Amino acid sequence: QVQLVESGGGLVQAGDSLRLSCSASGHTFGPNTMGWFRQAPGKEREFVSSISWDAVSIVYADFVKGRFAISRDNHQNTLDLQMDSLKPEDTAVYYCAATRSYSSSYDYWGQGTRVTVSS
């Protein structure tokens, strides 16, 4: 059974940085895509960023371009999200997600880590 566990969330001030990490276990992933999503209070979950197996394809939502950087380590089965210049509107629960090999559907989700950015 696949497990994704996020860590690194917390309370920071506007302009600060945080690094989120996601550790995957229970499955040896083949070529897949991993991503970060977030859900702010009272809002629907939204896409933040994704990265392909070989890191050739990286996508960012417009609202994080230039501020966030996604990376992955396939040997360690980890996914990271470096978040710089945080804004209060980045406050949300951040979720790690993964597709099955050769799939475009996110079938695996973590429980989320909360990020709160104060102004």
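Guide: Happy to. Let's begin with Gly 26, which sits in the loop between β3 and β4. Strands (E, at least two residues) and helices (H or I, at least four) are DSSP runs, numbered from the N terminus. One caution before we go on: this is a predicted model, where local features need pLDDT of at least 70, side-chain atom pairs count only at pLDDT 80 or more, and totals for chains, interfaces and linings use all residues. Residues are numbered from 1 along each chain as its sequence is written, and side-chain values use heavy atoms, with hydrogens and water left out.

Visitor: Is Gly 26 buried or exposed?

Guide: Buried means under 20% relative accessible area, exposed means over 50%, and partly exposed is in between (1.4 Å probe, protein chains only). Gly 26 has a relative accessible area of 55%, so it is exposed.

Visitor: Where is Thr 99, then?

Guide: Thr 99 belongs to strand β9. Thr 99 counts as buried because its relative accessibility is 1%.

Visitor: What does the side chain of Thr 99 reach?

Guide: Here the idea is a polar contact: a pair of N or O atoms within 3.5 Å, where within protein one must be able to donate a hydrogen and the other to accept it, and residues adjacent in sequence count only if both atoms are side-chain atoms. The Thr 99 side chain reaches the backbone oxygen of Ser 103 at 3.3 Å. For contact in general, look for heavy atoms within 4.5 Å. Leaving aside residues up to four places away in sequence, Thr 99 touches several others, including Phe 29, Asn 32, Tyr 106 and Tyr 108.

Visitor: Which residues have the most contacts inside the largest nonpolar core?

Guide: A nonpolar core is a set of buried Ala, Val, Leu, Ile, Met, Phe, Trp, Tyr and Cys residues joined through side-chain atoms within 4.5 Å. The largest one here has 28 residues, and those with the most contacts inside it are Leu 4, Trp 36, Leu 81, Met 83 and Tyr 94. Among the elements that give two or more residues to this core are β4 (34-39), β8 (78-83) and β9 (92-99).

Visitor: What about charged residues? Is Asp 90 buried or exposed?

Guide: Asp 90 counts as buried because its relative accessibility is 0%. You'll find Asp 90 in the loop between β8 and β9. Its side chain reaches the backbone nitrogen of Lys 87 at 2.8 Å. The side chain of Arg 38 also makes a polar contact with the side chain of Asp 90 (2.9 Å).

Visitor: And where does Arg 38 lie?

Guide: Arg 38 is in strand β4. With a relative accessible area of 5%, Arg 38 is buried. Its contacts, not counting residues up to four places away in sequence, include Glu 46, Phe 68, Glu 89 and Tyr 94.

Visitor: Is Glu 89 buried or exposed?

Guide: Glu 89 counts as exposed, at 52% relative accessibility. Glu 89 is in the loop between β8 and β9.

Visitor: Which residues have a positive phi?

Guide: Look for positive values in residues other than glycine. Asn 77 is one, with phi near 55°, and Ser 85 is another, at about 50°. Asn 77 is in the loop between β7 and β8 and is partly exposed at 21% relative accessibility. Ser 85 is in the loop between β8 and β9 and is partly exposed at 41%.

Visitor: How many cavities does a search of the whole structure find?

Guide: On a 1 Å grid over the protein atoms alone, a cavity is a set of points where a 1.4 Å probe fits but cannot get out, and lining residues have an atom within 4 Å of a point. Grid points are joined across faces, edges and corners, and the volume is the space filled by probe spheres set on the points. The search finds 1 cavity of 30 Å³ or more, and the largest cavity has a volume of about 40 Å³. Its lining includes Phe 29, Trp 53, Arg 72 and Asn 77.

Key
On a 1 Å grid over the protein atoms alone, a cavity is a set of points where a 1.4 Å probe fits but cannot get out, and a pocket is an open set with protein on both sides within 12 Å along at least five of seven lines; lining residues have an atom within 4 Å of a point.
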